[in-house]
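This report describes a single protein chain for a reader who is new to structural analysis. Please keep the sequence and the three-dimensional view at hand while reading.

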Amino acid sequence: MVDSGSPDDFELAARTALSGDLDDVDLDAFSVTFNLFRAYAQLQRRLEAEVYRPAGLSAAGFRILFTLRVLGELEPRQLASRSGVSTAATSGVVTTLERDALVARAPHPTDGRRQLVRLTAAGADLVVEVYRRQNELEKTLVDGVPEADRGVASAVLRRLTRRG
């Protein structure tokens with residue numbers, strides 16, 4: 001058994017195991033996605049513990065509020081698509097946010113079968129406040145990473161997202 005105490009040791013152990021098990025494995029592709037997932041998991045854990053939960057929100061709740069703040073009033077299916085929250089989860093999250101008076105639903109102006117979701121004033125205030133806290137964490141996480149590297153990382157992540 002390999003002691004994979006540090007993240008770098010774990011990645012090296014995984015690369016070694018994969019190269020021994022698979023002849024045609026692309027270890028560079030593995031490392032990119034392995035580290036992307038680890039960075040995402042770390043960020044998500046910290047956001048939930050330090051930013052969202054203290055504000056009484058879930059990650060999905062924040063994403064929905066943020067999406068409405070950026071794009072304005074949307075139909076639930078558009079809201080799900082743009083926020084990255086599943087359609088099924090969006091319904092429940094919107095219900096919770098509506099109960100908390102952070103969003104409101106209204107009939108679509110031209111199609112009574114459809115609804116629109118919008119931020120309330122309280123929701124607009126909360127999303128700005130929570131994003132301020134999120135941005136403090138974002139700054140902490142990238143502190144020490146040169147600006148040029150931040151730009152390269154952002155460009156690479158955008159390309160990966162477009163392929164997605």
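His108 is found in the loop between strand E1 (103-107) and strand E2 (115-119). Helices (H or I, at least four residues) and strands (E, at least two) are DSSP runs, numbered from the N terminus. The model is a predicted one, in which local features need pLDDT of at least 70 and side-chain atom pairs count only at pLDDT 80 or more, while totals for chains, interfaces and linings use all residues. Residues are numbered from 1 along each chain as its sequence is written, and side-chain values use heavy atoms, with hydrogens and water left out.

His108 counts as buried because its relative accessibility is 14%; buried means under 20% relative accessible area, exposed over 50%, and partly exposed in between (1.4 Å probe, protein chains only). The C-alpha atoms of His108 and Leu79 are separated by 14 Å, and the two residues are 29 apart along the chain. Leu74 is placed in the loop between H3 and H4. With a relative accessibility of 8%, Leu74 also counts as buried.

## A positive phi angle

Most residues other than glycine have a negative phi. Ala101, however, has a phi near 60°, a positive value in a residue other than glycine. Ala101 is found in the loop between helix H5 (87-99) and strand E1. Ala101 counts as partly exposed because its relative accessibility is 42%.

## Salt bridges

Side chains of opposite charge can pair when their charged atoms come close. A salt bridge is counted where a side-chain nitrogen of Lys or Arg is within 4 Å of a carboxyl oxygen of Asp or Glu. By this rule the count comes to 10 salt bridges. One of them joins Glu98 and Arg105, with the closest N and O atoms 3.0 Å apart. Glu98 is partly exposed at 32% relative accessibility, and Arg105 is partly exposed at 27%. Another pairs Glu48 with Arg53, where the closest N and O atoms are 3.9 Å apart. Glu48 is partly exposed, with 24% relative accessibility, whereas Arg53 is exposed, with a relative accessible area of 54%.

Is Asp111 buried or exposed? At 12% relative accessibility, Asp111 counts as buried. Asp111 forms a salt bridge with Arg114, the closest N and O atoms being 3.5 Å apart, and Arg114 is partly exposed at 30% relative accessibility. Through salt bridges that share partners, Glu75, Arg77, Asp111, Arg113 and Arg114 are joined into one network.

## The largest pocket

Rolling a probe the size of a water molecule over the atoms shows where empty space is left. On a 1 Å grid over the protein atoms alone, a pocket is an open set of points where a 1.4 Å probe fits, with protein on both sides within 12 Å along at least five of seven lines; lining residues have an atom within 4 Å of a point. The largest pocket has a volume of about 1500 Å³, where volume is the space filled by probe spheres set on the points, and grid points are joined across faces, edges and corners. Of the 34 residues that line this pocket, Leu36, Ala39, Tyr40, Leu43 and Leu157 are the closest to its centre.

Two or more lining residues come from each of H2, helix H3 (59-71), helix H4 (76-83), helix H6 (121-142) and H7. Which element gives the most to the lining of the largest pocket? H2 does, with 11 residues. The lining divides into 19 nonpolar, nine polar and six charged residues; here Ala, Val, Leu, Ile, Met, Phe, Trp, Tyr, Cys and Pro count as nonpolar, Asp, Glu, Lys and Arg as charged, and the others, Gly among them, as polar.

## A nonpolar surface patch

Val32, Leu36, Val152, Val156, Leu157 and Leu160 make a nonpolar surface patch of about 450 Å². The elements that give two or more residues to this patch are helix H2 (27-52) and helix H7 (147-163). Patches are made of residues with over 30% relative accessible area and no salt bridge, with like charges joined within 9 Å and nonpolar side chains (Val, Leu, Ile, Met, Phe, Trp, Tyr) within 5 Å. Accessible areas come from the Shrake-Rupley method with a 1.4 Å probe, and for residues, only the protein chains shown count as cover.

H7 gives the most to the nonpolar patch, with four residues. Val32 lies in helix H2 and counts as partly exposed because its relative accessibility is 45%.
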